[in-house]
Amino acid sequence: MPQNRRGEVQSGQRAAHISVQATAHGERKIGTSALGGVLENVRRRRPVRIGWSKMPSVVGMKRPTDEDRIEALQRFLVGLARGDDANQLSSAIADLHVRHNTFPGEVFMELAADALDFAGTTRADALVYRDLLSKHLPEVEFRGKEHRRIQYALLTPFAVQGGLEPDLLDEVTYWIEQYWQYALFAAVAIVRDCAERSDSPIETFVAELATRSTIEIS
C-alpha cells in the first residue's frame with residue numbers, strides 16, 4: 001500500500017472500527033491514591049461505547065504541523081492534570097486527528113516514553129501488563145482484537161524509551177484511523193503509573209512533564 005514516513009497512507013484505506021467500552025460498576029475513582037486532589041468519580045448508568053460514530057468529525061486531509069503537535073500535548077496534559085478520564089481526553093482531542101495518518105498517536109507515544117524516562121523507569125521496575133491496565137486505565141474495557149491493539153500501544157513507549165523506533169505503519173496500517181486513540185489510552189495509563197512510582201500527585205507530575213516537554217499548560 002502506498003505510504004510515507006510521516007504516518008500517512010493514501011485515501012481509500014478501509015479503516016477498522018474501534019469499539020472501546022467504558023465501564024462502571026457503581027461509583028469508581030479514576031487512577032489511584034497518587035492522583036491527589038484531582039480524583040474524579042465517573043458515574044455511568046450503562047456502559048458507553050466509544051466508537052468512531054461517537055467522535056467529533058476529524059480534520060480533513062492534511063499534514064500535521066508543529067502547532068498541531070503542541071495543541072495535542074496541551075489538551076492531553078491539561079485534561080490529565082485536572083482529572084479527566086481517558087474517554088473525556090479522547091473526545092477533547094479527536095478533532096486533531098488527521099485522516100489516513102497516525103497523528104496524534106505518535107505524539108502520545110513519545111510523551112509516554114518521556115514519562116517513563118522522567119520517572120527513572122528501569123528493568124528493576126518491571127510492570128505487569130494486565131495490572132497496568134486494570135489499575136491505571138479502569139475506565140476503559142477492551143474486547144477481542146482491541147486487546148492486541150492496546151498491547152501494542154502500551155509496549156511501544158517502552159521500546160522508544162529503550163532506544164528502539166517502532167515501525168508504526170507496518171503495524172497499524174489496517175487500524176490507522178484508530179491508532180491515535182489507543183496511543184492516548186496507553187499514555188494515560190503510563191503517565192498515571194509513573195506519577196505513582198514517583199510518589200507525586202498526578203497534577204504535579206504532569207506539570208513537570210510539561211516543563212520537560214517545553215509545553216505551557218498553566
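1. The loop between α7 and α8 holds Asp 199. In this predicted model, Asp 199 has a positive phi of about 55 degrees, although Asp 199 is not a glycine. With a relative accessible area of 70%, Asp 199 is exposed.

2. Thr 214 counts as exposed because its relative accessibility is 70%, over the 50% cut-off.

3. Ser 213 also lies in the segment after α8. Is Ser 213 buried or exposed? Its relative accessibility is 10%, under the 20% limit, so Ser 213 counts as buried. Leaving aside residues up to four places away in sequence, Ser 213 touches Leu 111 and Asp 114.

4. Helix α8 itself spans residues 202-212, and its buried residues are Ile 202, Phe 205, Val 206, Leu 209 and Ala 210. Viewed down the axis of α8, these buried residues fall within an arc of 140 degrees, so they line one face of the helix. What do the buried residues of α8 pack against? Their partners are α1 (66-81), α3 (105-118) and α7 (176-197).

5. At the start of α2, a side-chain oxygen of Asp 85 comes to within 2.9 Å of the backbone nitrogen of Asn 87.

6. Between α2 and α3 there is a loop that contains Pro 104. The peptide bond from Phe 103 to Pro 104 is cis, with omega near 0 degrees. This bond deserves a look in the viewer.

7. Glu 146 belongs to helix α5 (residues 146-161). Although its side chain is of the charged class, Glu 146 counts as buried, at 3% relative accessibility. A polar atom of the Glu 146 side chain lies 2.7 Å from the backbone nitrogen of Arg 143. Glu 146 and Tyr 182 are 36 residues apart along the chain, yet their C-alpha atoms are separated by 8.8 Å.

8. The second largest pocket holds about 240 Å³ of space. It is lined by 13 residues, of which Asp 125, Ala 126, Leu 127, Leu 155 and Phe 158 are the closest to its centre. Two elements, α4 (129-136) and α5, each give two or more residues to the lining. Which of the elements gives the largest share? That is α5, with four residues. By class, the lining has eight nonpolar, three polar and two charged residues.

9. On the chain as a whole, the secondary structure comes to eight helices and five strands. Along the sequence they follow the pattern β-β-β-β-α-α-α-α-β-α-α-α-α. Of the 218 residues, 50% count as buried. Among contacts between residues at least 6 apart in sequence, 81% join residues at least 24 apart.

Key:
Residues numbered from 1 in each chain as written. Predicted model: local features only at pLDDT ≥ 70, side-chain atom pairs only at ≥ 80, totals over all residues. Heavy atoms only, no water. Buried < 20%, exposed > 50% of the residue type's maximum accessible area, 1.4 Å probe, protein only. Arc of directions from axis to C-beta. Contact = heavy atoms within 4.5 Å. Polar contact = N/O pair within 3.5 Å; in protein donor to acceptor, adjacent residues only side chain to side chain. 1 Å grid on protein atoms, 1.4 Å probe; cavity = no way out; pocket = protein on both sides within 12 Å on 5 of 7 lines; lining within 4 Å. Points joined across faces, edges and corners; volume = space filled by probe spheres on them.
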